[in-house]
Amino acid sequence: AAEGQRADLPLSLPQFLRRQQVLQLYRKILRAIREVPAEQDRRYLKDWAREEFKRNKGATEEDAIRMMITQGNMQLQELQRTLKLAKS
């Protein structure tokens, strides 16, 4: 199937659930970024997150997607830890 046609196909249940997982991670990352005090840092992190997710949008390999979600969660935790330390 061509790249443009893939969006027309209904997602299988596992694909749908994986997509929900990815969107939830993206939202959590953006929420955490809002806590960053410096405007310039916030903008940089937001652009970085957007680019990372956009770059991997076409990924279809299940193991690779799972690994990216794991990495994204680890980066989110690191950001949250850093923000917590900065506030204390």
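Visitor: What share of the 88 residues in the protein chain is buried?

Guide: Buried means under 20% relative accessible area, exposed over 50%, and partly exposed in between, with a 1.4 Å probe and protein chains only; here buried residues make up 15% of the 88 residues. This is a predicted model, in which local features need pLDDT of at least 70 and side-chain atom pairs count only at pLDDT 80 or more, while totals for chains, interfaces and linings use all residues. Residues are numbered from 1 along each chain as its sequence is written, and side-chain values use heavy atoms, leaving out hydrogens and water.

Visitor: Which secondary structure elements does the protein chain have?

Guide: Helices (H or I, at least four residues) and strands (E, at least two) are DSSP runs numbered from the N terminus, and this protein chain has three helices and zero strands. Its radius of gyration, taken over C-alpha atoms, is 15 Å, well over the 12 Å that the globule rule (2.2 Å times the number of residues to the power 0.38) gives for 88 residues, so the chain is more spread out than a compact globule. Along the principal axes, the C-alpha atoms fill a box of roughly 50 × 20 × 15 Å.
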